[in-house]
Amino acid sequence: MRYVYSEDHARHAPTRELELSRFQEPFEHPGRATAIHDALRADPTFEVVAPESWGTEPISAVHDPGLVAFLSTAWERYQEEVGPTHDVVPDVFLHPAVRDGMGPAPEPTPVAMQLGRWCFETTTPLTDGTYVAARSSVDVALTAAALVLRDGDRAAFGLCRPPGHHAATAAYGGYCFFNNAAVAAHRAATAGARVALLDVDYHHGNGSQQIFYDRDDVLFASIHADPVRAYPYTTGFADETGTGRGLGATLNVPLAAGAGDVELAGALERALEVVARHRPDVVVVSLGLDMYESDPIADLRVTREGFHASGRAVRELGVPTVVLQEGGYATDELGRNATAWLRGLAGEPEGPDHRPGPDDPL
């Protein structure tokens, strides 16, 4: 299996993260992608390739061009207008209730206010290299999709960082700036392919759902922690099924706290049945590994064996598959977990040194 990786991901390197009103070391950091890259290049199952350059047109086909333009200059503008800082986060949000009864606010011009126009939360700082890294992450996703749709690979992996599935049409947040999976899925769909976007991350992919909620050419199916207790809290409920032409083209399968391999397998079986009925030409997987039993910001109990079984279940669909990296914050285990999932998709044992025994799930 070929996978796409760019060193430009490291250009986005936050030093702090605002969580529960206090700053802490960021959970989303360059070491995540490095850990996965190191594990894959040590495994002869995988071959690394560099991303192609795709420009901004595919991004603006999914995102508000104003968001793209803002992110391209926001960090530099903040340094000039506000003052030197490494990490830039909003301190004011344009909440509609502030002007309730007074009509809409004029479009803000200071960058400090525009941050609250385009960003929806406080854990996603901009740094000097964020825009370069986010553009590169989209290039990784589109190149992985091209390996499958153009070159005929059965499956390919895009080691995307920053992740993308929380970025909506006109908003960034949740560690995400551009929605890598949505950009790849949209490009495939507009080229005539029927697409299923399968999101298997602890956190609901609110951005992906919002982008495709009224469309029937891209099925969105998500397995995630129940939003009554988990970020992003406002989307991902089971009764969200799409609207207009997209009615019935969205599936959400929330998981209870403590759910493990058995519960994930059941949820995935349900989701894959819906995916199969969609008759996709390609499946795009938003792969989060934060369902892992020791992930620091999650409460599920999925094991490495569970990840391998999940990849194998997707393989059994028999549909060309593009896998794009999303979450996963147990950095020391991240490379092995990603390898296990992808080896399942490739039809390989869990690890390169694994030898099936009489009790092995294979």
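This is a predicted model: local features need pLDDT of at least 70, side-chain atom pairs count only at pLDDT 80 or more; totals for chains, interfaces and linings use all residues.

Author: Helix α9 (residues 304-315) and helix α10 (residues 331-346) have axes that come within 6 Å and cross at roughly 30°. The axes here are lines fitted to C-alpha atoms, for helices over the stretch in contact, with angles running from 0 to 180 degrees between N-to-C directions. Angles under 35 degrees count as roughly parallel, over 145 as roughly antiparallel, 65 to 115 as roughly perpendicular and the rest as oblique, so α9 and α10 are roughly parallel to each other.

On the α9 side, the contact is made by R304, F307, H308, S310, G311, R312, V314 and R315. From α10 come E333, R336, N337, A340, W341, R343, G344, L345 and A346. Contact means heavy atoms within 4.5 Å. Sorted by type, the contact of α9 with α10 has six nonpolar, five polar and six charged residues.

Residues are numbered from 1 along each chain as its sequence is written, and side-chain values use heavy atoms, with hydrogens and water left out. Helices (H or I, at least four residues) and strands (E, at least two) are DSSP runs, numbered from the N terminus.

Now for the backbone. The peptide bond from R161 to P162 is cis, with omega near 5°, and P162 sits in the loop between β5 and α6 (180-190). Y231 and P232 are also joined by a cis peptide bond, with omega about 10°; P232 is in the loop between β7 (218-225) and β8 (250-255).

Positive phi values turn up too. Y175 is not a glycine, yet its phi is positive at about 75°. Y175 lies in the loop between β5 and α6, and with a relative accessible area of 11% it is buried (buried means under 20% relative accessible area, exposed over 50%, partly exposed in between, using a 1.4 Å probe and protein chains only). R279, again a residue other than glycine, has a positive phi near 55°. You'll find R279 in the loop between α8 (261-278) and β9 (282-287), and at 59% relative accessibility it counts as exposed.

As for cysteines, the disulfide count comes to zero, where a disulfide is a pair of cysteine sulfur atoms within 2.5 Å. For C160, the nearest cysteine sulfur is that of C176, 10 Å away. C160 is buried, at 1% relative accessibility, and C176 is buried as well, at 0%.

One more loop residue: R150, between α5 (130-149) and β5 (155-158). At 48% relative accessibility, R150 counts as partly exposed. Leaving aside neighbours within four places in sequence, R150 is in contact with E52, W54 and A145. R150 and V319 are 169 residues apart in sequence, but 15 Å apart in space, C-alpha to C-alpha.

Terms used: Ala, Val, Leu, Ile, Met, Phe, Trp, Tyr, Cys and Pro count as nonpolar, Asp, Glu, Lys and Arg as charged, and the others, Gly among them, as polar.
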